Amino acid sequence: MLVLNCSTKLLILENLLKSHFPESLKVYGAVMNINRGNPFHKEVVLDSWPDFKAVITRRQREAETDNLDHYTNAYAVFYTEVRAYQELLEEHDVINWDQVFQIQGLQSQLYAVSKAAASAKQLDVDINLTSFKAVHFSPVSSLPDTSFLTESPPRLTYLSVADADLLNRTWSRGGNEQCLRYIANLISCFPSVCVRDNQGNPLSWGITDQFATMCHGYTLPDHRRKGYSRLVALTLARKLQSRGFPAQGNVLDSNRASINLLESVQAEFLPCRFHRLIVTPALFSRQAHP
């Protein structure tokens with residue numbers, strides 16, 4: 001195991017990861033954030049340098065606080081040789097198996113390898129897998145049309161930490177203390193877009209996560225079919241692209257409304273899928289949120 005903390009090498013790694021798109025997108029987004037202030041206190045672990053075969057981004061050990069917070073306790077993974085990834089998982093102190101955490105990546109063997117590593121270490125953990133369509137937005141060359149907002153109170157702006165409670169209540173993954181804190185941190189650290197009414201209440205929004213992924217795109221039910229979701233998605237994509245980030249996201253296969261929206265803005269559905277594993281030690285199985 002090698003912890004890569006040299007700023008020059010981290011910039012080199014960022015460029016090397018580009019040659020492995022789209023499978024490396026999650027790690028690439030995390031490394032970009034590390035190289036631009038590291039607001040989520042991440043670090044990079046590799047099997048070797050510079051000819052790496054597996055890369056994991058993780059929370060810095062000194063930054064860990066809540067063993068139940070799988071939102072923040074998150075790892076992004078990319079490998080060119082699956083065996084190298086498994087060997088990293090099986091090494092001591094690469095993964096904190098004593099807390100609830102998640103693993104994200106765009107490679108199909110993440111689940112099987114993680115199960116095998118846990119078994120090899122004789123760990124009693126539950127590993128829950130959810131897979132999504134992975135999405136990439138083409139460059140948004142101009143500002144999305146906002147003319148329809150000028151004839152009514154709604155205005156285009158961004159989220160504030162005061163909106164975190166609403167986002168926590170409306171997110172399918174939310175509704176708990178850990179998610180509330182996580183969303184507030186995302187809003188503080190990363191780009192967001194929001195449509196507000198004349199009283200300042202959010203009607204539609206999108207946020208960016210620690211892997212530079214567009215997530216939690218949502219419009220309140222009473223304000224759907226007004227073009228807000230399209231405006232938010234394109235504006236957030238352009239905001240990310242203007243800062244040099246790829247505009248990436250994911251969507252459940254069952255979310256037909258979001259898929260239709262993505263098709264309408266000509267987003268690219270990637271050949272690989274996005275996989276999220278939530279790992280829960282038996283000790284926390286009754287306390288952790290799904």
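With a relative accessible area of 4%, the tyrosine Y28 counts as buried, where buried means under 20% relative accessible area, exposed means over 50%, and partly exposed covers what lies in between (1.4 Å probe, protein chains only). The phenylalanine F21, by contrast, is partly exposed at 34%. These values come from a predicted model, in which local features need pLDDT of at least 70 and side-chain atom pairs count only at pLDDT 80 or more, while totals for chains, interfaces and linings use all residues. Residues are numbered from 1 along each chain as its sequence is written, and side-chain values use heavy atoms, with hydrogens and water left out.

**Aromatic rings**

Rings of Phe, Tyr and Trp (for Trp, its six-membered ring) form a pair if their centres lie within 6.5 Å; planes under 30 degrees apart count as stacked, over 60 as edge-to-face, and the rest as tilted. By this rule there are nine aromatic pairs in the model. In one of them, the ring centres of F21 and Y28 are 4.9 Å apart and the planes stand at 80°, so this pair is edge-to-face. Another pair, Y71 with Y182, is stacked, with 5.7 Å from centre to centre and 25° between the planes. This second pair links distant parts of the chain, since Y71 belongs to the loop between strand 3 (54-59) and strand 4 (74-79), whereas Y182 belongs to helix 6 (residues 177-189), 111 residues apart. Helices (H or I, at least four residues) and strands (E, at least two) are DSSP runs, numbered from the N terminus. Y71 is buried at 0% relative accessibility, and Y182 is buried at 4%. Together with F40 and F190, these two tyrosines, Y71 and Y182, form one aromatic cluster.

K26 lies over the face of F274, 4.2 Å from the ring centre, and the charged end of K133 sits over the ring of F269, 5.9 Å from its centre.

**Strands and sheets**

Strands of a sheet pair through backbone hydrogen bonds, either parallel or antiparallel. Here two strands are said to pair if DSSP finds at least two bridges between them.

| Strand pair | Sense | Bridges |
|---|---|---|
| Strand 2 (residues 42-46) and strand 3 | antiparallel | five bridges |
| Strand 3 and strand 4 | antiparallel | four bridges |
| Strand 9 (residues 202-208) and strand 10 | antiparallel | four bridges |

Strand 3 is mostly covered, as six of its six residues are buried. K42 stands opposite R59 in strand 3, and I56 has V77 in strand 4 as its bridge partner.

Four strands form an open, antiparallel sheet in the order 7-8-9-10. Its edge strands, each pairing on one side only, are strand 7 (155-157) and strand 10 (214-219). Neighbouring strands of this sheet are turned by 10° against each other on average, direction ignored. I207 has C215 in strand 10 as its bridge partner.

**The annotated region**

Conventions:
A charge sits over a ring if NZ of Lys or CZ of Arg is within 6 Å of the ring centre and within 35 degrees of the ring normal. Axes are lines fitted to C-alpha atoms, for helices over the stretch in contact, and angles run from 0 to 180 degrees between N-to-C directions.
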